[in-house]
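Here is a short note for a colleague opening this entry.

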Amino acid sequence: MHTPAAALTWELWRRHRTRLLAIVGLVLGFALVYPSLCARMGFNPSSPNALDEFFRNFVARKGSGLSLLPFLQLLYAMFLAGGPALAMILTLLLMTWMFTFTEFDPKTREVMRFPARLFTLPVSTPFLFWWLWLGGMAAMAMLYGSWVYFVPQPRFFEIEAYQNWFAWMTFLALAQGLAWALAAWPNTRMVLLLALLFALLISPAWSDITRSPILLTSLFVLGSALARVGLQRMRHGQWQGWTWPRPFATLFARTELRGPKRFASPAQAQLWFEWRRSARGLCFIAAVLAAMPLVLYLVLRVVTGPRLFLRADIILSLAGYLVVIPLLLHFCFSLSPARTDVSFLMLRPLTNGQMMMAMLKTAAISAIFSWLVVWAALAALPALGDFGEVKKAAPIPPQYLTIILPGLILVSWRFIAVNLCFVWSGGRQLAGLPVLMMVALYAGAMALSVLSRNPAFWNSFWPLVPRLLVCLIAAKFLLAFLAFRLCLKCGLLAPSAVLGYLAVWTLLAAALLIPTAILLHATPRLVPGLLGIVLLIPLARIGFCPITLAWNRHK
Amino acid sequence: MNTSAAPHAVETAGLCRKFGSKLALNQVSLQVRRGRVFGLVGANGAGKTTLIKHLLGRLKAQSGSVRVFGFDPVADPVAVLSRIGYLSENRDLPGWMRVDELLRYTAAFYPKWDPAYAEELRRQFGLEPRAKIKTLSRGENAKAGLLIALAYRPELLLLDEPSSGLDPVVRRDILEAIIRTVADEGRTVLFSSHLLEEVERVADDMAMMFNGRVVLAGPVDEVKENHHRLVLRFDSPQSSAPKVPGVLSLTGGGQEWTAICNGKRDEAVAAAARAGGRVVAEGSPSLDEIFVAWAGAKSE
């Protein structure tokens with residue numbers, strides 16, 4: 001490495017080599033495998049009506065009795081229809097993040113912080129800017145070109161907005177501008193970056209923007225200018241954030257310790273700690289994400305007039321988006337809860353069981369709150385536009401809501417509850433297991449979907465499902481027994497805590513099993529449904545959590 | 001066994017720890033008596049922090065044993081941690097908390113938490129109650145850590161490099177805290193430090209570690225008494241340090257060299273005479289000189 005540019009390029013490669021290799025792998029994978037998968041399923045991605053044709057065929061096959069597992073087939077269809085576009089968008093987003101050159105700062109917990117060490121290198125700010133800006137633009141162009149020229153992209157309306165190279169350049173310029181110019185306002189920066197992402201992924205306005213060269217060029221210039229000035233100001237410590245108005249500063253300075261406010265017990269203090277550390281933020285993000293479309297609608301209504309009535313497909317997308325929020329948030333959070341402040345926490349005089357219980361309780365609070373917010377937003381959707389399509393797409397009889405609503409809360413909470421034992425182990429490989437499990441689950445569903453096209457396979461597989469579930473449940477109970485016995489033996493959990501959790505488990509199971517039994521009693525789905533619920537409510541991994549935590553705590 | 005009446009606050013026996021192929025602790029046996037200030041000194045990577053992590057139960061002994069007030073920190077972490085006030089080298093307090101929240105939160109774990117004392121310390125350290133931890137300077141962060149370590153009057157105060165990177169004012173606060181803790185009858189302080197004048201000033205007992213081993217342990221006065229500084233003059237200038245058996249280190253140049261020896265003063269004088277040198281001055285070395293001498297002896 002003889003030049004600063006080579007050194008910086010090497011740093012970028014060294015930091016992101018796994019991601020860059022994954023991107024190359026994805027492009028190659030789709031370029032080589034995807035066309036043959038499409039051919040097998042009779043899906044022609046180059047046809048403008050590919051999706052309609054595919055679903056027409058799909059429905060016809062379903063009618064002829066070939067597809068005995070419509071859900072899995074639908075998953076596969078979704079993969080074929082949206083896989084390349086989704087992979088393209090995700091990789092371009094990843095590339096955008098790489099060229100903002102930001103990183104997570106474990107000390108300040110800032111998610112996208114530009115490393116100050118770059119400013120101590122003997123390179124000029126214009127050099128830094130041009131290197132990142134030009135490098136980013138070139139990388140985006142190359143990646144976009146690879147996706148467009150090597151991978152057959154299904155052509156339908158929703159994807160068109162993302163098939164514009166200049167729009168992606170503009171997105172990168174805006175992301176760099178916001179990330180660098182708002183370095184001193186980390187929270188504002190995150191909100192604006194999320195809003196930008198939201199505008200790109202969700203908002204129908206993005207397709208309008210991409211069709212307007214003037215608007216796109218203006219945004220491109222604005223983003224680039226912001227990035228250039230932001231980098232310069234960041235380097236010299238300008239724009240240091242807001243200072244509180246003097247009256248507030250004085251008020252806070254005079255505030256005394258609030259003596260009477262004391263926690264009643266260590267468990268209560270720990271619950272507060274977990275709430276403040278993560279659950280509160282999770283609830284806040286869920287609320288902001290759920291409110292965003294409504295706020296956007298209100299803004300549009302102010303601009304366009306009171307007769308704004310959203311189309312059915314937009315309302316359907318919004319409903320899908322809202323339902324995904326708590327699930328996605330809790331899954332993402334479950335991959336890295338409580339990684340910060342570990343050293344501090346491990347030295348509190350708390351048992352591992354107390355730490356775990358506090359985490360489980362706050363996860364339950366955030367899951368319930370997130371879903372309440374989402375229900376409220378969903379309830380507001382009929383007022384925004386044509387809700388009929390949602391009813392058609394998900395024709396759920398009202399009585400089924402008694403299972404679906406608590407079931408969704410349980411699933412959101414479950415992400416955190418079951419992954420805790422992996423994440424708290426402190427091991428990187430173990431902590432990565434939940435992602436692998438999710439990928440394996442999805443791959444399994446795909447494989448089943450493909451295999452289910454063969455009626456002989458499906459006829460022999462379906463009767464095995466209850467037996468398979470019974471075996472899994474037996475294994476679950478056995479593992480749970482061993483784990484809880486070990487916890488009690490080593491004093492990691494108090495007997496009262498074990499009994500308490502078992503009582504909660506029983507209550508949860510009863511709350512879901514009874515309505516399921518009533519609603520499905522006359523259908524063949526009853527037994528698999530009940531067994532599935534028993535399998536779903538976490539037990540064994542809850543038992544293993546204090547053990548892995550102890551392993552991390554006393555390495 | 002009545003563990004609270006254990007004679008030693010800290011007791012390790014044959015403690016070993018390996019990280020990969022590196023032996024971080026090698027047969028460490030130490031006793032820290034109650035009511036004493038114990039200074040742990042050693043070069044970087046000597047194993048001080050590893051030893052402290054064993055006392056806190058953050059690391060499990062691979063062989064040997066660790067007892068804090070008679071309790072095993074791994075088997076009974078709550079019993080041990082509720083007796084210890086700990087200030088970490090990394091000052092890893094949660095950045096999102098405010099100072100008053102930190103105090104309230106910490107108070108919940110310690111029945112003996114003294115709110116009046118906590119408030120007094122907060123004022124003395126000049127910490128704003130509404131200030132966020134992440135906005136505090138390094139020194140203020142150390143003070144906040146010290147505050148929550150002291151406010152419940154722990155039986156054992158454990159300080160890992162408490163003054164590293166801090167200005168003299170904060171260092172003074174920490175030393176005062178140590179002195180005040182010991183003034184409370186029966187309380188014990190164990191601290192690791194690079195600043196040997198601090199150890200010399202406040203510690204009753206000390207242990208010196210090199211490469212995971214305790215090479216020297218005992219009361220500070222005794223350690224100093226057992227070491228001698230001899231100024232040797234040779235008849236002719238010496239181009240390199242002369243070989244004098246029984247001497248830990250020899251520094252200087254030309255005809256005059258300063259030797260630090262451990263205990264065997266007469267033997268060192270005799271050996272110096274055989275090598276052509278005579279003692280022209282002698283005295284008691286500082287802990288700093290002793291440390292450097294041992295460091296040199298161990299690196300050879």
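1. Two residues are in contact if their C-beta atoms, placed from the backbone, lie within 7 Å. On that basis, the contact takes 33 residues from chain A and 30 residues from chain B. This is a predicted model, where local features need pLDDT of at least 70, side-chain atom pairs count only at pLDDT 80 or more, and totals for chains, interfaces and linings use all residues. Residues are numbered from 1 along each chain as its sequence is written, while chains are lettered from A and ligands numbered from 1 in the order in which they are written.

2. Now the side of chain B that touches chain A. Here α2 (77-81), α3 (99-107) and α4 (115-125) of chain B each supply at least two residues. Helices (H or I, at least four residues) and strands (E, at least two) are DSSP runs, numbered from the N terminus. The most comes from α3(B), with five residues.

3. Next, the sheet. Six strands of chain B form an open, mixed sheet, ordered β5-β6-β7-β3-β8-β9. Strands pair if DSSP finds at least two bridges between them. At the edges, β5 (84-87) and β9 (213-219) of chain B each pair on one side only.

4. β5(B) runs parallel to β6(B) (residues 156-160), with four bridges. G85(B) stands opposite L157(B) in β6(B).

5. Finally, the helix α5(B) (residues 138-150). It lies across β5 and β6 of chain B, at about 175° to β5(B). Axes are lines fitted to C-alpha atoms, for helices over the stretch in contact, and angles run from 0 to 180 degrees between N-to-C directions.
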